[in-house]
Amino acid sequence: MKIFQQQIQLSQRRRGFHLITSEVVQALPQIGEIKMGICQVFIQHTSASLSINENADPTVRKDFEMYFSKAVPENDPDYQHDDEGPDDMPAHLKAALLGSSVTIPIRNGRFALGIWQGIYLCEHRNYGGSRSLMITAWGE
């Protein structure tokens, strides 16, 4: 069994849902050595998340942002944790709903994603800064 791991820094992005599949693939070229395996991508933050979804139509990513902004609004007077501004607690809640990692099968040295699937960085802060990912791939 082969195991590869790489930590990467993603550049700062505005609030929203951003495709990062190519950045993940480029960061760990050793995936090409794995015939059959798994890759886990983990975000080391509590106010951003990862997801796998539609990679072709950018309006899907805009609709995701619209939905989550409505579902988890800013400036809710019941939030106690607002030390870093009105997007602070909503960002944590959105990240908890979507999750901190995605798992992708590897087949013949490539991600076995569906034809319309891509990895999203879900940035929930107005000014979240750069984001760290830990990418781990294993298999034979």
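This is a predicted model: local features need pLDDT of at least 70, side-chain atom pairs count only at pLDDT 80 or more; totals for chains, interfaces and linings use all residues.
**Entry 1: overall form.** Residues are numbered from 1 along each chain as its sequence is written, and side-chain values use heavy atoms, without hydrogens and water.

**Entry 2: elements.** I found three helices and eight strands in the chain, as DSSP runs (helices H or I, at least four residues; strands E, at least two) numbered from the N terminus. Their order from the N terminus is β-β-α-β-β-α-α-β-β-β-β.

**Entry 3: Gln-40.** I located Gln-40 in strand 3 (residues 36-43). Gln-40 counts as partly exposed because its relative accessibility is 28% (buried is under 20%, exposed over 50%, partly exposed in between, with a 1.4 Å probe and protein chains only). Leaving out residues up to four places away in sequence, I listed its contacts (heavy atoms within 4.5 Å), among them Ser-101, Thr-103, Ile-135 and Trp-138. Ile-135 lies 95 residues from Gln-40 in sequence, yet their C-alpha atoms are 5.9 Å apart.

**Entry 4: aromatic rings.** I looked up the aromatic pairs and found six (ring centres within 6.5 Å for Phe, Tyr and the six-membered ring of Trp; planes under 30 degrees apart are stacked, over 60 edge-to-face, the rest tilted). Phe-64 and Phe-68 are stacked, because their centres are 6.4 Å apart and their planes stand at 10°. Both residues are buried.
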